[in-house]
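Please look over the sequence and the model before reading the points below.

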Amino acid sequence: MDIIKETRDVITHEARALLELSENIGQNYLEAVKLIHQSSGMVIVIGMGKSGIIGRKIAATLSSLGTPSAFLHAAEALHGDLGMIKANDILLMISNSGNTRELIEIIPYARRIGTKIIAITHNKNSDLAKNSDVLLPLIYETEACPLNLAPTTSSTMSLVIGDAIAVALTKIKNFMPKDFAMLHPGGSLGRRLLTKVSDIMHSGEELPLISGDVLLIEALSLMTQKKFGTLIIADSLNNLEGIITDGDLRRILCKNNGNIEKVMLREAMIKNPKRIVMDKLCEEAINLMETSKITTLPVVAVDNLKVIGIIHMHDLLKAKIY
């Protein structure tokens, strides 16, 4: 058996099914997204077995992207957990067959209290499909499983439908990175999107600040003392003029054959260096450092080029932001 071919065939099989699904997206998806957006309650995702596993991920994605959601195991619902469902909630029910007994038995309760139902199922003639307010059909011919038994294509398709709904809702709500960060404060991503440069920058006596009217060789002791591998050159008002790093120093030494006794900082510095404003997020500092392939950034005031700090990649690592 050609394992590589078999693996590729499964991926191709599911990819084709997803393409067919995308070509059949219609008014029903608009209705589903509007139903959730206009609801004042939560999205309760319900499933059993593999559909339940997919449902947990969909609920997590919705909540992560700003749509309050929870997963409800269908069997547990029938043994007391129905109480978590409210009239203003939306039930997102997932069943490939559409006739999963535990899900079907929940429908009368939902109808009794007025809860709307969005169904994800392959069987358009199933009890779930017939009793839903919005039907999002799983459109595929066969599972990727060679026996056409194990949920493979169907589970992938259900997951993608959940992702599509979650992302569409973020667009409607104008959900921004800062909103995402508010929901993820414990991870490095949240810290990147919430922490400002001013929160972790070095300032005051720590600054490797120096005038351009100094010999380079005389300034080396300051570079060593401050331990940033960088010198920030500024005028008498601390306005940024240039920068010299360890790398720049090596290049200057090579260029002058090691003879730097008469080289002034102003002659050797990199003019108009990359810098960042103090109120910018650390996310922007990381992007600027990565794009420019540098490890330090002078930090300037909001409304001018006055140097007020310096930030190093090590600071981002120490703060568990990078």
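Helices (H or I, at least four residues) and strands (E, at least two) are DSSP runs, numbered from the N terminus. The model is predicted, so local features need pLDDT of at least 70 and side-chain atom pairs count only at pLDDT 80 or more, while totals for chains, interfaces and linings use all residues. Residues are numbered from 1 along each chain as its sequence is written, and side-chain values use heavy atoms, with hydrogens and water left out.

**The four-stranded sheet**

- Two strands pair if DSSP finds at least two bridges between them.
- Four strands make an open sheet in the order E6-E7-E8-E9, and the pairing is mixed.
- E6 and strand E9 (270-271) are the edge strands; each has a single partner strand, so one side of each has no neighbour in the sheet.
- Strands of a sheet pair through backbone hydrogen bonds, in a parallel or an antiparallel way.
- Strand E7 (residues 230-234) and strand E8 (residues 240-245) run antiparallel and are joined by five bridges.
- Within this pairing, Ile232 has Ile243 of E8 as its bridge partner, and Ile233 has Gly242 of E8.
- E7 and E8 form a hairpin with five residues between them, and Asn238 in the turn has a positive phi of about 70°.
- E8 also pairs with E9, in the antiparallel sense, over two bridges.
- Gly242 takes part here too, with Lys271 as its bridge partner in E9.

**Helices on the sheet**

- Contact means heavy atoms within 4.5 Å.
- Axes are lines fitted to C-alpha atoms, for helices over the stretch in contact, and angles run from 0 to 180 degrees between N-to-C directions.
- H12 lies across E6, E7 and E8, and runs at about 120° to E7.
- H13 lies across E8 and E9, and runs at about 75° to E8.

**Asn272, beside the sheet**

- Asn272 sits in the loop between E9 and strand E10 (276-277).
- Its C-alpha atom is 5.8 Å from that of Gly242, although the two residues are 30 apart along the chain.
- Asn272 is exposed, at 60% relative accessibility; buried means under 20% relative accessible area, exposed over 50%, and partly exposed in between (1.4 Å probe, protein chains only).

**Nonpolar cores**

- A nonpolar core is a set of buried Ala, Val, Leu, Ile, Met, Phe, Trp, Tyr and Cys residues joined through side-chain atoms within 4.5 Å.
- The largest core has 30 residues, of which Val45, Leu62, Ile118, Leu136, Ile161 and Ile165 touch the most other members.
- Several elements each supply at least two residues of this core, including helix H1 (3-23), strand E4 (116-121) and helix H8 (153-173).
- H8 gives the largest share, five residues.
- Which residues does Ile161 touch, not counting residues up to four places away in sequence? They are Leu21, Tyr29, Ile120, Leu136, Pro137 and Leu138.
- Another core, of 19 residues, lies apart from the largest one; Ile85, Ile104, Ile117 and Ala119 are among its members.

**Salt bridges**

- A salt bridge is a side-chain nitrogen of Lys or Arg within 4 Å of a carboxyl oxygen of Asp or Glu.
- By this rule there are eight salt bridges.
- Asp133 and Arg111 form one of them, with their closest N and O atoms 3.1 Å apart.
- This pair links distant parts of the chain, 22 residues apart: Asp133 is in the loop between helix H7 (127-130) and strand E5 (134-137), and Arg111 is in helix H6 (residues 107-113).
- Asp133 is partly exposed at 34% relative accessibility, and Arg111 is partly exposed with a relative accessible area of 34%.
- Asp213 and Arg266 also meet in a salt bridge, at 3.1 Å from N to O.
- Asp213 lies in the loop between strand E6 (209-210) and helix H12 (216-226), while Arg266 lies in helix H14 (residues 265-268), 53 residues apart.
- Asp213 is exposed at 54%, whereas Arg266 is partly exposed at 31%.
- Arg251 and Asp248 form a salt bridge at 2.8 Å, N to O.
- These two are three residues apart in helix H13 (residues 246-255), so about one helical turn separates them.
- Arg251 is exposed, with a relative accessible area of 54%, while Asp248 is buried at 9%.
- Arg101, Glu102 and Glu105 belong to one network, joined by salt bridges that share partners.

**Cysteines**

- The whole structure has zero disulfides, a disulfide being a pair of cysteine sulfur atoms within 2.5 Å.
- Cys145 is buried, with a relative accessible area of 13%, whereas Cys254 is exposed at 61%.
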